[in-house]
Amino acid sequence: MAEDCIFCGIVAGDIPSRTVYENDDVLAFLDANPLAPGHTLVIPKAHHETLGDLPEDAGAAVFAALHDLAPVVEDAVDADASNVAFNNGEAAGQEVPHVHGHVIPRFEGDGGRPIHAIAGSRPDLSDDELDDIADRIADGA
Ligand code: 5GP
Ligand code: ZN
């Protein structure tokens with residue numbers, strides 16, 4: 001648990017939340033400022049800031065909960081689909097520095113955009129640059 005972390009406060013029960021799912025490793029609750037009805041956050045109970053900080057077993061637990069909850073959330077609000085995403089680090093828009101996956105229900109004609117809309121303009125990359133990037137990722141994986 002981290003001092004001054006809102007989500008650790010929710011895990012501890014010090015800050016109220018509309019909890020929708022809980023197990024030993026994971027908590028899921030409604031977002032306080034929802035982008036759509038049913039907007040749900042899934043967090044590891046242990047405090048870790050980004051996905052890269054998260055131990056593999058905690059990451060697996062978070063993904064398992066997202067996997068189980070996404071269709072349940074969609075059904076609960078009669079959604080047609082959902083976006084499931086992480087703002088992973090401050091430059092990517094992460095405001096609460098405790099890993100959390102968003103499940104955002106989507107509805108036909110809701111005027112929202114796909115996940116492709118979140119980045120800036122598309123880079124113009126040469127084949128050599130793409131090969132180099134792929135190699136560097138493969139080397140680190
Ligand atoms: P981020 O930008 O860090 O990915 O998203 C943080 C999310 O947490 C936001 O969607 C925001 O509405 C939500 N949030 C912030 N504080 C609270 C809180 O105290 N309770 C709940 N339930 N959600 C919160
Ligand atoms: Zn925390």
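Modeller: Start with glutamate 95. One of its polar backbone atoms is 2.7 Å from an oxygen atom of ligand 1. That is a polar contact, a pair of N or O atoms within 3.5 Å. This is a predicted model, where local features need pLDDT of at least 70, side-chain atom pairs count only at pLDDT 80 or more, and totals for chains, interfaces and linings use all residues. Residues are numbered from 1 along each chain as written, chains are lettered from A and ligands numbered from 1 in the order written, and side-chain values use heavy atoms, without hydrogens and water.

Asparagine 87 contributes through its side chain. A polar atom there lies 2.9 Å from an oxygen atom of ligand 1. Alanine 32 uses its backbone instead: an N or O atom lies 3.2 Å from a nitrogen atom of ligand 1. Together, the protein covers 81% of the 520 Å² of accessible area that ligand 1 has on its own (Shrake-Rupley method, 1.4 Å probe).

Now the surroundings. Ligand 1 sits in the largest pocket. The shell holds 16 residues, each with a heavy atom within 4 Å. Leu30, Asp31, Glu95, His100 and His102 are the closest. By type, the shell has eight nonpolar, six polar and two charged residues. Helix 1 (6-12) and strand 2 (26-30) are the elements that each give two or more residues to this shell. Helix 1 gives the most, with three. Helices are DSSP runs of H or I, at least four residues, and strands are runs of E, at least two.

Most residues other than glycine have a negative phi. Aspartate 4 counts as exposed because its relative accessibility is 80% (exposed is over 50%, buried under 20%).

Aspartate 78 also has a positive phi, near 55°. This residue is in the loop between helix 2 (56-76) and strand 4 (81-85). At 66% relative accessible area, aspartate 78 is exposed.

Finish with threonine 40, in strand 3 (residues 40-44). Its relative accessibility is 1%, so threonine 40 counts as buried. Its side chain reaches the backbone oxygen of glycine 38 at 2.6 Å.

Technical notes
A polar contact is a pair of N or O atoms within 3.5 Å; within protein, one must be able to donate a hydrogen and the other to accept it, and residues adjacent in sequence count only if both atoms are side-chain atoms. On a 1 Å grid over the protein atoms alone, a cavity is a set of points where a 1.4 Å probe fits but cannot get out, and a pocket is an open set with protein on both sides within 12 Å along at least five of seven lines; lining residues have an atom within 4 Å of a point. A molecule sits in a cavity or pocket if more than half of its atoms lie within 2 Å of its grid points. Ala, Val, Leu, Ile, Met, Phe, Trp, Tyr, Cys and Pro count as nonpolar, Asp, Glu, Lys and Arg as charged, and the others, Gly among them, as polar. Buried means under 20% relative accessible area, exposed over 50%, partly exposed in between (1.4 Å probe, protein chains only).
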